[in-house]
Amino acid sequence: MNEAYVPDWEIPANVRALQTTRIGGVSRAPWDAFNLGDHVGDAPDAVAANRALLRRKLPGDPFWLKQVHGTVAVDIDKWPKINQGDAAYARQPGNVCAVMTADCLPVLFCDRQGSVVAAAHAGWRGLLAGVLESAVGAMQVVPGNILAWLGPAIGPACFEVGSEVRDAFVAGDPAASLAFTPRADGHGKWLCDIYLLARQRLQRLDITAISGGEACTVSGGDRFFSYRRDGVTGRMASLIWLERAA
């Protein structure tokens, strides 16, 4: 199996996207093997080698964000020196938007005309705070013309949260209650469907062309990194860009 795969979604011909897995790199356990995160304790030379392998599949170096579970969307066409944010967007062909995850939800965006792309890192905190809304707003196109893909994240059978998380989402949207199932053991914990929460928020923005949302990082241990499952682990990347004209 290759270390990366192309997301299965209907996108314009000039839009390219890629999702990495844990397979195919050089990092040793517990970061084995295709770890792209340089902040998780892995050997720097191993991360650099993995990023070099990834670079072969891309038109340029990705713009790596310093993710903080916030809502800032970075315009990578300007290639700013400050890279702190949890979403990236680009209109310039060849500029690669990227987010890294290991349970949090990565969301890729493009418009039907192939004029702009974006990537968002949506853990539950960023999702609640509005990172998807921030990414969509930064694209500056009619939301109904936006296509979205939900990448691998912690699945609804594995994502246990406390009542405070459920209460925070439901306070903003009562329909969010549909994304929470009480644990059968009665200890006040809930199972959370982060995919459904993301779909609800996108649909409220008038985005209905939503693909993906099936892969679980926790249960897919042979393919995906998972912080919830392993603690010390690597990071995968979700990437999107506009292709340069021939």
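**Reading the backbone**

Author: Asp206 has a relative accessible area of 48%, so Asp206 counts as partly exposed (buried is under 20% relative accessible area, exposed over 50%, partly exposed in between, with a 1.4 Å probe and protein chains only). This is a predicted model, where local features need pLDDT of at least 70, side-chain atom pairs count only at pLDDT 80 or more, and totals for chains, interfaces and linings use all residues. Residues are numbered from 1 along each chain as its sequence is written, and side-chain values use heavy atoms, with hydrogens and water left out.

Reader: Where does Asp206 lie?

Author: Asp206 lies in the loop between α5 (194-204) and β13 (209-212). Helices (H or I, at least four residues) and strands (E, at least two) are DSSP runs, numbered from the N terminus.

Reader: What should I look for in the angles?

Author: Most residues other than glycine have a negative phi, and most peptide bonds are trans. Asp206 is not glycine, yet its phi is positive, near 80 degrees.

Reader: What is the phi of Trp79?

Author: Trp79, also a residue other than glycine, has a positive phi near 45 degrees. Trp79 sits in the loop between β4 (73-75) and β5 (87-90), and its relative accessibility of 44% makes it partly exposed.

Reader: And the peptide bond from Ala29 to Pro30: cis or trans?

Author: That bond is cis, with omega near 5 degrees. Pro30 is in the loop between β2 (15-20) and α1 (44-55). The bond from Asp32 to Ala33 is cis too, with omega near 5 degrees, and Ala33 is found in the loop between β2 and α1.
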